[in-house]
Amino acid sequence: MKELHKEKKMPKATARRLPLYLRYLKMLGDSGVTRIKSKEFSDVIQVPSATIRRDFSHLGELGRSGYGYDVPYLIEVFSHILNTQEEKRIALIGCGNLGKALVKNNFRRNENLNIVCAFDSEEELVGLTIDDIVIQPMGNLAEEVKKTGVTVAISTVPSQFAQEAIDKIVDAGITAILNFAPDRVTVPHNVNVQYIDLTTELQTLIYFDETFSSKRA
């Protein structure tokens, strides 16, 4: 891999867009697309092409004028940058069907991502064990975060209760949150929230299937 510009501090806004770029690049790759220009990529991900070029410039010479970008190479670059090299201990908030599935899977493909505790406000769920993780009441969250060194939270709480859950996560000192409720929540400026909207993800998948299926090998 070509040497990247690691010595430069990447703008926070650029860093927050990297996972988005990688997700769509992988979808392009899976659809058989091997080369794409910034304007074409902009149309796909709804980020201005000037912003894409500026973000990519922070990482070195990733493309060529008139040619565009090599999709497999970009996937390699962004995968390398986003690879977690140290263990990230995670708290799971909300132990319904989705939450239970996440705990059972527990990022088996990345040993550095580890769900170490789980919480729910439903009394009938508290005390149940999922793959050696005991579901605890939300009141234990702050103490458990300090005890286990958790730095990341995943919330699968439904939208109508998401803000309350996120407030408790923030109060516990966690500043990185993956939220499966699509509605935006209010958090302090130092807290980063990534949203997963399954409806939008499905619509995106359908768009890629209909738009790029003819380009598959």
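I am working from a predicted model, where local features need pLDDT of at least 70, side-chain atom pairs count only at pLDDT 80 or more, and totals for chains, interfaces and linings use all residues. Residues are numbered from 1 along each chain as its sequence is written, and side-chain values use heavy atoms, with hydrogens and water left out.

**Overall layout**

I looked up the domains, whose bounds come from an automatic or database assignment, and found domain 1 at 12-81 and domain 2 at 88-200. Their centres, taken over C-alpha atoms, are 30 Å apart. The C-alpha trace of the protein spans about 60 × 40 × 30 Å along its principal axes. I noted eight helices and ten strands; these are DSSP runs numbered from the N terminus, helices being H or I with at least four residues and strands E with at least two. Of the 217 residues, 40% are buried, meaning under 20% relative accessible area, with exposed over 50% and partly exposed in between (1.4 Å probe, protein chains only).

**H1 against H4**

Next I checked how H1 (residues 12-30) packs on H4 (residues 71-82): the angle is about 145° and the axes are 9 Å apart. Axes here are lines fitted to C-alpha atoms, for helices over the stretch in contact, and angles run from 0 to 180 degrees between N-to-C directions. On the H1 side I found Leu18, Tyr21 and Leu25 among the residues that meet H4, whose own partners include Leu74, Ile75 and Phe78. The residues of this contact divide into twelve nonpolar, two polar and one charged.

Cys95 counts as buried because its relative accessible area is 0%. Gly96 has 36% relative accessibility, so I logged it as partly exposed. Beyond neighbours within four places in sequence, Cys95 touches residues including Phe119, Asp120 and Thr156.

Definitions and conventions: Contact = heavy atoms within 4.5 Å. Nonpolar A, V, L, I, M, F, W, Y, C, P; charged D, E, K, R; others polar.
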